[in-house]
Amino acid sequence: MISTVSKRLLSGGLASNAVRSTLLRATSRQQSLSMTMAHRSFSAISAAVDGNSKMVKEQQSLTKIVATIGPTSEQYEVLSDLVTHGLRIMRLNFSHATVEEVELRVKNLRMSKGMTYRDEDGMRENFRAVLLDTRGPEIRTGKLADDTTGKKKILLEKDSFVTLHSDDSWKEKGSAEDLYVDYPYLSRDVTAGRKVLLDDGAVTLTVIKVLDDSTLQCVVDNDGNIRSRAGVNLPGVVTDLPAMSEKDKADILYGISKDVDFIAPSFIQDKDNVYDIRNYVDECISKLGLPSTYIPPRIISKIESLRGLQNFQEILDASDGIMVARGDLGVEIPIHSVTNAQKEMIMACNEAGKPVIVATQMLESMSDNPRPTRAEVADVTNAVYDGADAVMLSGETAKGKYPRETVITMNEIIREAEHFIEKRPDIVGSSPNLVIEDDLDLSNFCMAKATVTAAVQHKASAILVHTSSGKLARAIAAYRPNIPIIACLQGDDALKIGRQLMIHRGIHPVIIHPSKGSIDTAKEIGFIDAGDHILLLGPRENEDISMRVLAVH
């Protein structure tokens with residue numbers, strides 16, 4: 001076994017006249033310091049306005065974009081445009097999508113031609129991945145009485161009383177005085193003084209008294225309308241929910257039949273939830289008669305509950321990656337604590353070398369407007385600074401008015417943030433303190449650390465790595481170099497491995513054909529040019545793998 005210390009060691013002049021006058025009045029030492037800082041700031045920011053802007057616009061971003069595809073973006077013309085402008089992973093929200101909609105979206109994604117798309121020898125090389133987002137085991141109210149259309153609403157008035165029932169006899173008797181909640185442990189887990197949020201917080205109730213083992217008496221805190229089957233949140237309450245609903249199981253089976261690349265299960269509570277889903281995925285693979293060599297979808301656990309946050313480390317250890325699902329999380333915990341939780345989760349994922357997606361309302365205003373708010377730009381920027389592997393768009397691209405503009409804007413924000421990290425590493429961006437728990441991964445991480453160090457010393461433009469499983473490429477990405485990592489793939493599983501690598505910051509998968517080498521392929525796609533220095537990792541005579549520093553001709 002490797003000691004903790006050993007593992008840690010493996011990480012290893014446009015100023016205004018007013019400004020000019022102020023500087024001239026300063027002392028000599030203060031003037032020198034201020035001018036130095038002004039120069040530094042200007043040199044970092046000027047990429048947007050001077051000759052460096054071409055480089056910022058043309059380079060491939062390292063942080064990936066996950067975009068939810070829905071009614072406004074599912075047609076080929078729009079979807080292919082989103083792929084061209086930076087969509088790397090398509091999220092399918094199974095809370096809403098029908099089978100017909102999923103079929104259309106997957107077909108159109110596969111047809112879309114991204115930067116690395118090639119159609120040679122009858123093989124379409126499309127590395128855009130598909131993420132299946134489950135609805136999860138939600139808590140909801142029951143049906144309102146006499147609601148034959150599903151559109152009936154009732155008004156809950158402030159300071160009125162409402163009784164919540166978990167007894168099934170109340171399932172279809174909802175009214176302004178009595179509501180059914182489909183959580184059998186309601187009276188056990190919710191105590192007097194707790195809040196109950198209906199319909200994502202549109203109506204808030206305060207629990208006055210636990211009447212019996214299936215009934216709570218509450219007072220309404222604000223006026224609001226609710227419909228049948230409204231969502232219920234219990235902030236601060238540790239709930240006891242299963243890993244998957246029956247709908248989730250059906251959706252996962254269907255998704256595997258369509259060869260999805262990732263599953264993002266909702267409301268993960270603990271490591272056992274993750275293990276349950278992994279075991280069910282194995283059952284689905286067997287049920288579908290897929291070969292033993294079939295590569296299963298990777299599990300990206302969504303953290304969106306108090307219990308999930310409390311058990312975060314064990315969930316991370318059991319998962320292939322994490323999604324910081326800030327929507328429901330912001331209802332389950334105090335909203336002012338969400339940003340702190342986000343930063344802690346990103347750091348933990350970086351230290352574990354596992355990918356992390358930051359999601360929810362990143363450019364929400366662009367659902368209705370062609371430009372984001374300044375706060376939204378800062379939100380995306382800070383997610384990149386914190387170390388997110390990917391940032392996600394939801395309703396903005398699924399049902400918004402400007403899906404194309406939203407993806408373009410997201411990409412521009414990412415590129416500018418990454419350029420600033422490169423220019424000002426003293427302010428933002430740093431290599432994570434990786435902790436390698438699995439001794440079997442040690443050789444990959446040693447090689448990865450040496451590679452990234454050499455890339456910095458030689459000012460390399462890219463790292464090219466030949467990998468059959470993707471493990472070495474993932475290890476290199478874990479050290480977060482500020483240059484592209486070209487994962488050179490071959491073999492029958494190359495496309496699936498490449499799509500699953502797409503979630504990692506900096507990795508760009510390509511298939512190497514026998515007639516072309518990795519360097520020629522990377523040049524052809526546009527990742528490197530003649531005169532660049534690169535790091536090349538691959539098998540060499542009498543060696544399993546070697547690292548070479550080469551000049552591109």
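Trainee: Which hand is the crossing of helix 17 and helix 18?
Mentor: Helix 17 and helix 18 make a right-handed crossing. A crossing is right-handed if the near helix is turned clockwise from the far one by less than a right angle, and left-handed if anticlockwise. One caution: this is a predicted model, where local features need pLDDT of at least 70, side-chain atom pairs count only at pLDDT 80 or more, and totals for chains, interfaces and linings use all residues. Residues are numbered from 1 along each chain as its sequence is written, and side-chain values use heavy atoms, with hydrogens and water left out.

Trainee: At what angle do the axes of helix 17 and helix 18 cross?
Mentor: Roughly 50°, and the axes come within 8 Å. That makes helix 17 oblique to helix 18. Oblique is what remains after roughly parallel (under 35 degrees), roughly antiparallel (over 145) and roughly perpendicular (65 to 115). Axes are lines fitted to C-alpha atoms, for helices over the stretch in contact, and angles run from 0 to 180 degrees between N-to-C directions. Helix 17 is residues 442–457 and helix 18 is residues 471–478. Helices are DSSP runs of H or I, at least four residues, and strands are runs of E, at least two, numbered from the N terminus.

Trainee: Which residues meet there?
Mentor: From helix 17, N444, F445, M447, A448, T451 and V452. From helix 18, K471, L472, A475, I476 and A478. Contact means heavy atoms within 4.5 Å. By class, there are eight nonpolar, two polar and one charged. Ala, Val, Leu, Ile, Met, Phe, Trp, Tyr, Cys and Pro count as nonpolar, Asp, Glu, Lys and Arg as charged, and the others, Gly among them, as polar.

Trainee: New topic. How far apart are the end C-alpha atoms of helix 8?
Mentor: They are 17 Å apart. Helix 8 has twelve residues, 246–257, which should span 16 Å at 1.5 Å a residue, so the two agree. The expected span is 1.5 Å times one less than the number of residues.

Trainee: Which residues of helix 8 are buried?
Mentor: D248, D251, I252, Y254, G255 and I256. Buried means under 20% relative accessible area, exposed over 50%, partly exposed in between (1.4 Å probe, protein chains only). The buried residues of helix 8 pack against helix 6, strand 5, strand 14 and helix 9.

Trainee: How do helix 8 and helix 9 pack?
Mentor: At about 50°, with axes 10 Å apart. The crossing of helix 8 and helix 9 is right-handed. K249, A250, I252, L253 and I256 of helix 8 meet Y280, V281, C284, I285 and K287 of helix 9. That contact has eight nonpolar, no polar and two charged residues.

Trainee: And strand 14? Is I263 buried or exposed?
Mentor: I263 is buried, at a relative accessible area of 0%. I263 sits in strand 14. Beyond its neighbours within four places in sequence, its contacts include I252, V281 and L132.

Trainee: Last one. What angle do helix 14 and helix 16 make?
Mentor: About 45°, with axes 9 Å apart. Helix 14 passes helix 16 in a right-handed crossing. The residues of this contact divide into ten nonpolar, one polar and one charged.
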